[in-house]
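Me: I have a new model open and want to learn how to read it. Can you take me through it feature by feature?

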Amino acid sequence: MSKAPNTRLNDLFGLAGWSKGELARMVNRQAASMGHHQLATDTSRVRRWIDMGETPREPVPTVLAALFTERLGRVVTIEDLGFVRQRRTTKRQPDGELENPEGMPWAPERTAAVLTEFTGMDLMLNRRGLMGAGAALTAGSALSNAMYDWLHTDPARAKDAFRHGDNYQADGAGYDRYEAAPIGSQEIEALERSVEVFRAWDASRGGGLQRKAVVGQLNEVGGMLAYHHPDHLQRRLWGVAANLAVLAGWMSHDVGLEPTAQKYFVIAAHAAREGGDRPRAGEALSRAARQMVHLGKPNEALDLMKLAQSGSGEQTLPRTRAMLHTIEAWAQAALGKGQAMRRTLGEAEDLFVSTSGDVPSPSWMQHFDEADLHGMQALAFRTLADHDPSAAPIAQKHAQEALRLRADGHQRSKIFDYISMASACFIADDPEQADRYARLALVSMNETSSHRTWDRLREMYRLSGHYSGFAGIEELREEIKLALPNSPVAPRPV
């Protein structure tokens, strides 16, 4: 009896523009170059993969992933091709959306393999390629539906099926894989320190310059996870993997590699959950929500925030919950829901001030301080001002406070504060103040490698158009044009 067609493979096949015969010949050539000289694929087999949903044996899925990655200019994994190694039942929603995209959630032993495979392919590509044709984000609702039950369960239940004392070698992925071997607490401490270095660099300089270094470190950690250490070390190693995956995702988002960023956020949530750190998993998903708001998809962001907040668990500290509330408020502001946004920000403030100094925040929350709280409030009110201009003065107040409190080493956040302030001033009919803060942003932008600052600058350019007749503002607009790599009049995200 025939299986259903492999729609994932069919879609990618259509984007690639090959014939079935061409793909068969390329599979044979690529496999031979990888040492599999005995492989003999033909057109009829390709047809069965696509039209009948037949799953080929290794190394074919790995070979196909490498071929599509090169052709489409973005990372394509085996799961992206519809070949899920450990299949789970998927439900199709009335609108045709899969409830369980990419076979998620992954089993514990699959998380390390997916992590290593994805980072390895990412490292194979030039950065220009990761924004290739056909790249698309998975809907926030689809991710939420797929991961809800899994994130709300105790990870300890999985240990009966897969014990950490068992060693295994993850499936090969067509590139050099770190040789699985045991490591000790000193090596893990060194990895944890490296995360702090990367995190500080990202906050100061943006994601462009160190992204591949982080991806490479994450690839190494994925290999280390192929050897299962004692539980206390394994949990710490999963924590390192989660932190690096969040950084890889955030840096990818910062330079405009959106599908790649989303994949890293999902990997981070899986890694954190395997390490028993549900608050970290929730924070990873909140990054995906912030990405959705930035891309003009606030409803998708709210779906993800519901999962992030409910799945974080009761052990989530007040400051972490405050941070999650600020992201939810930003999404509400983008929808013009001013009353809901104000209520959510009020809850964030209450949670922030209720934080006990006796309980230190986790390392991944160290950068969310009072300046960040005001910075997110400024962003939310400035976003709401597009719907309700009376919110602009409140955005100015919070942006000014964020700038006053912003510590050294947070240059990118300071640029966002300048842009929020300038944009709010334009909306509040104060072009002189707007000009001042816009120029401060322009001067600072040369010190970072963040595409997100360009996106926000384009929005500010749009707002400045109302004052284009003013001599100083016209000069400012010309300077913004020179600062942006592409046309500053690009359409707004939808």
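Reply: Start with surface. Accessible areas come from the Shrake-Rupley method with a 1.4 Å probe, and for residues only the protein chains shown count as cover. Here the protein chain exposes about 20,900 Å², and carbon and sulfur atoms supply 49% of that. This is a predicted model: local features need pLDDT of at least 70, side-chain atom pairs count only at pLDDT 80 or more, and totals for chains, interfaces and linings use all residues. Residues are numbered from 1 along each chain as its sequence is written, and side-chain values use heavy atoms, with hydrogens and water left out.

Me: How many helices and strands are in the protein chain?
Reply: Helices (H or I, at least four residues) and strands (E, at least two) are DSSP runs, numbered from the N terminus. The protein chain has 20 helices and 0 strands.

Me: What share of the residues in the protein chain is buried?
Reply: Buried means under 20% relative accessible area, exposed over 50%, and partly exposed in between (1.4 Å probe, protein chains only). Of the 494 residues in the protein chain, 56% are buried.

Me: How do I read a core?
Reply: In soluble globular proteins, nonpolar side chains tend to be buried together. A nonpolar core is a set of buried Ala, Val, Leu, Ile, Met, Phe, Trp, Tyr and Cys residues joined through side-chain atoms within 4.5 Å. The largest one here has 70 residues. Those with the most contacts inside it are Met147, Leu218, Val221, Leu237, Ala241 and Leu244. Helix 9 gives the largest share of this core, 13 residues. A second, separate core has 26 residues, including Val46, Val60, Ala65 and Ile78.

Me: Which residues is Leu218 in contact with, leaving aside its neighbours within four places in sequence?
Reply: Contact means heavy atoms within 4.5 Å. Leu218 is in contact with Leu115, Thr119, Ala241, Leu244, Ala245, Ala248 and Tyr264, with neighbours within four places in sequence left aside. For the protein chain, take contacts between residues at least 6 apart in sequence: 75% of them join residues at least 24 apart.

Me: How do I describe aromatic rings?
Reply: A pair of aromatic rings is described by the distance of the centres and the angle of the planes. Rings of Phe, Tyr and Trp (its six-membered ring) pair if their centres lie within 6.5 Å; planes under 30 degrees apart count as stacked, over 60 as edge-to-face and the rest as tilted. The count comes to 7 aromatic pairs. One of them is Trp250 with Phe265: tilted, 6.4 Å centre to centre, 50° between the planes. Trp250 lies in helix 9 and Phe265 in helix 10 (residues 258-274), so the pair ties together parts that are 15 residues apart in sequence. Both Trp250 and Phe265 are buried. Elsewhere, ring pairs link Phe426, Tyr467 and Phe470 into a cluster.

Me: Where does a charge sit over a ring?
Reply: The test is NZ of Lys or CZ of Arg within 6 Å of the ring centre and within 35 degrees of the ring normal. Arg477 lies over the face of Tyr461, 4.0 Å from the ring centre. Arg436 lies over the face of Tyr437, at 4.8 Å.

Me: Is His228 buried or exposed?
Reply: His228 is buried, because its relative accessible area is 7%. His228 is found in the loop between helix 8 (211-224) and helix 9 (231-254). Now the polar contact: a pair of N or O atoms within 3.5 Å; within protein, one must be able to donate a hydrogen and the other to accept it, and residues adjacent in sequence count only if both atoms are side-chain atoms. The side chains of His228 and Gln234 make one at 3.2 Å.
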